[in-house]
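Please take a look at the model shown here. This report walks through some of its local features.

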Amino acid sequence: MKPQRRTEPRAVRDAAARSRRAAGGRHVSSAPEPDQASAAPGGATDGDGHRSATTTLADPPPTTRTAQPAAEDAAAVQRLPDAPPRPVWPGAPEPLGARFHTGPDGAQGTNFALWAGGAEAVELCLFDAEGTETRLPLTELTHEVWHGFVPGVRPGQAYGYRVHGRWDPWTGARWNPAKLLLDPYARAVDGEFALPPEVYGHVRDWPDRAVADTVRDNRDSAPFVPKGVVVDDGDDWEDDRRPKTPWSDTVIYELHVRGFTMRHPGIPPELRGTYAGLAHPAAIEHLTELGVTAVELLPVHQFAHEDHLLRRNLRNYWGYNSIGYFAPHAAYSSSGTRGQQVGEFKRMVRALHAAGIEVILDVVYNHTAEGGELGPTLSLRGIDNRGYYRLGGDPRGYADYTGCGNTLHVVQPQVLRLITDSLRYWVTEMGVDGFRFDLAAALARSMHDVDMLSPFLAVIAQDPVLRRVKLIAEPWDIGSGGYQVGAFPPLWTEWNDRYRDAVRDFWRGASGDLADLGYRLSGSSDLYAWSGRHPYASVNFVTAHDGFTLRDLVSYDRKHNEANGEDNRDGSNDNRSWNCGAEGESDSEPVLALRQRQLRNLLGTLLLSTGVPMLVAGDEMGRTQGGNNNAYCQDNEVGWVDWSLLEEPRWRDLFELAARLVRLRRNHPVLRRRAFFSGLPQDSGGLRDLAWFTPRGAEMTEADWFAPAATLGMYLSGRDIPQRDPTGRRVDDDSFLTVLHAADTPIGFTLPGPPWARHYEVLVDTSRTADVPGPRRHRAGAAITVAERSLMLLRAEHR
């Protein structure tokens with residue numbers, strides 16, 4: 001399609017006059033031009049006391065790139081023939097985004113609707129296969145939504161917006177129609193953000209950094225940014241069956257779509273790193289063999305790579321830099337990026353559901369990839385900066401509760417709508433089963449403080465779709481009062497970092513007493529019972545994507561992040577790790593043996609604790625990142641799962657232990673209780689549901705909890721568990737004794753006698769590998785030897 005000249009309303013022409021030259025449909029713009037009025041930083045003030053709307057400087061210094069079109073290019077644009085404009089019918093303000101459907105008079109086309117509250121004019125920009133742009137003014141405005149129906153626009157059409165308004169950074173106004181903007185509701189995105197200077201609303205390389213964000217850049221960004229894509233909503237979900245796994249039965253497996261599949265030998269090379277790769281039977285076979293019930297996918301919303309990474313030839317690997325909350329990240333698609341990624345994602349969800357595995361998305365609604373005031377203008381900043389972001393005391397800057405430069409202003413109705421519309425879309429149309437909210441405390445802030453009655457939490461609680469899915473909070477942000485572990489309301493579960501810290505400290509020998517560990521092993525009732533929540537409110541984890549892998553946790557005392565290019569300054573210094581006597585990889589057999597035991601101890605503790613366990617992809621088979629505890633930019637072998645580890649006996653043994661522990665958990669409801677332990681018998685003459693023992697075989701006293709110790713016995717009674725099966729019958733189970741011993745010498749442990757048991761059967765002993773069995777059955781009251789730094793699980797026999 002040839003570029004078309006267009007007629008535009010006077011309001012559009014006037015709003016755009018200072019920032020662009022238009023000849024034909026292909027847009028040509030420039031950086032500050034010699035004929036523009038010079039303005040000193042700070043600008044003049046208008047009658048309302050606002051600074052001048054435009055701050056573009058004449059004669060930019062030599063260090064500032066300009067984008068004056070070559071003379072022949074400008075002439076070519078000016079020679080384009082006239083063409084009739086494409087019609088734009090009024091359309092509708094609902095729903096937001098681009099929706100293909102049959103319009104008036106049976107005409108097929110697409111309705112476009114964009115909320116842009118403070119804008120003066122909005123242009124819809126359509127792009128053909130050669131990148132030629134046709135601009136169509138949207139003249140209908142309903143409740144701050146600009147909209148129009150364009151006949152003939154079908155799925156696969158690339159588009160974006162240009163939004164006109166004042167350039168007044170001192171009041172937070174950053175409209176710049178030279179910048180093509182991604183539709184916040186785009187359901188597919190074609191292309192990647194390269195972040196050259198042209199995509200910044202201000203002159204990125206202005207030498208005076210103190211005022212750089214106030215100098216408007218008038219160069220066209222369209223050739224350098226991805227476009228939204230119109231997608232056909234039609235899809236049949238009748239053959240999909242959601243697993244609907246109860247929280248108490250859930251075992252989460254955190255994985256990265258690309259990293260999990262990139263090196264898998266059973267996945268065809270063309271599918272590795274993609275949604276189709278994760279849907280492949282070879283990938284799903286590993287998940288079902290391990291026995292997990294849900295995958296928690298690191299961010300799959302469309303995201304951008306940060307400029308500082310691109311300058312170092314690195315990329316954002318984890319994806320916590322979202323820019324498209326409705327679009328599956330295009331780089332993970334094997335089938336195409338003009339809408340095909342949507343269907344591929346849905347097929348992945350179906351395949352996982354068919355295997356009984358739920359899909360949970362790690363979502364980043366707290367900030368966007370536009371960063372702070374010196375960041376690029378990609379979408380929300382150019383649509384309505386003041387409407388979407390929390391601005392600082394100086395409106396030029398942002399309130400940053402995330403450490404990423406900006407914070408979405410969730411109290412604003414349109415922002416809250418964007419987030420909840422996105423969540424509902426992923427549930428109802430993409431089939432996902434839940435969400436883990438990155439830095440969820442930032443979403444729970446009202447005007448400033450974290451508020452558990454905030455609009456965001458209130459809307460989720462009453463939403464008929466969202467209140468029925470799995471909701472996981474990362475219950476902190478970096479702002480004042482941001483640490484909120486245990487504070488989220490019912491419906492929510494939380495990443496429990498106090499569990500992580502207590503378990504790490506115990507096994508590395510740094511635990512001062514046993515009280516905190518006791519709470520963590522039994523479901524963290526001190527954190528969650530007070531608000532009427534249940535043990536599954538605690539997502540227990542020892543490792544996560546952020547930090548050391550499990551293998552590195554027992555191999556490194558210090559982080560080794562040199563490859564990130566930040567002089568090892570990035571990443572946490574508080575790892576609570578222990579290298580077992582040698583830093584990094586070692587050839588010492590005693591060191592290697594101890595590390596293997598520590599890995600078995602950590603896995604055993606995690607999977608035998610009350611609460612919801614979360615494993616990290618590859619930890620069950622010894623994945624290492626070489627001591628890098630912040631591999632967010634390592635899209636390579638450092639961050640990818642190494643499947644060749646399963647060919648080594650020691651790592652295969654570790655995997656088989658993890659799978660056996662998951663099976664034990666699945667088969668025994670006492671290990672996945674829905675209610676907290678009371679410490680009391682359920683009926684007269686019965687056993688207490690939870691009891692704690694010292695190595696002497698005696699029940700622990702108050703003093704024992706707060707005395708230095710490295711050994712703990714935890715007895716879980718399976719008699720009369722306070723829950724019912726689906727038919728209303730009482731649930732009974734075996735009883736278990738878990739002995740955890742973190743000292744560096746063996747200890748004698750007296751097994752509790754009647755009524756606790758008559759005999760005990762050893763099910764797990766981490767001091768022994770699978771091919772070196774030990775004594776299996778012991779008499780109650782006998783003293784057994786528990787090896788140094790080991791865990792034992794024993795089944796209590798009452799006959």
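## About the model

This is a predicted model, in which local features need pLDDT of at least 70, side-chain atom pairs count only at pLDDT 80 or more, and totals for chains, interfaces and linings use all residues. Residues are numbered from 1 along each chain as its sequence is written, and side-chain values use heavy atoms, with hydrogens and water left out.

## Salt bridges

Side chains of opposite charge can pair when their charged atoms come close. A salt bridge here is a side-chain nitrogen of Lys or Arg within 4 Å of a carboxyl oxygen of Asp or Glu. The whole structure holds 52 salt bridges.

One of them joins Arg258 and Asp635, with the closest N and O atoms 2.8 Å apart. Arg258 lies in helix α3 (residues 257-261) and Asp635 in the loop between β23 (612-616) and α17 (649-667), so the pair ties together parts that are 377 residues apart in sequence. Helices (H or I, at least four residues) and strands (E, at least two) are DSSP runs, numbered from the N terminus. Asp635 is buried, at 18% relative accessibility. Arg258 is partly exposed, at 21%. Buried means under 20% relative accessible area, exposed over 50%, and partly exposed in between (1.4 Å probe, protein chains only).

Arg500 and Asp497 form a salt bridge at 3.8 Å, N to O. Both sit in helix α12 (residues 497-507), three residues apart, and are separated by about one helical turn. Asp497 is buried, with a relative accessible area of 8%. Arg500 is partly exposed at 21%.

Arg688 and Glu699 also meet in a salt bridge, at 1.9 Å from N to O. Arg688 is in the loop between α17 and β24 (690-693), while Glu699 is in the loop between β24 and α18 (702-705), eleven residues apart.

## Cis peptide bonds

The peptide bond from Glu94 to Pro95 is cis, with omega near -10 degrees. Pro95 is in the loop between α2 (71-78) and β3 (97-102). Another cis bond joins Pro754 and Pro755, where omega is about 10 degrees. Pro755 belongs to the loop between β29 (747-750) and β30 (759-765).

## Positive phi angles

His143 is not a glycine, yet its phi is positive, about 50 degrees. His143 is in the loop between β7 (140-142) and β8 (145-151). His143 is exposed, at 73% relative accessible area.

Asp567 has a positive phi too, near 55 degrees. Asp567 is in the loop between α15 (550-553) and α16 (589-608). Its relative accessibility is 63%, so Asp567 counts as exposed.
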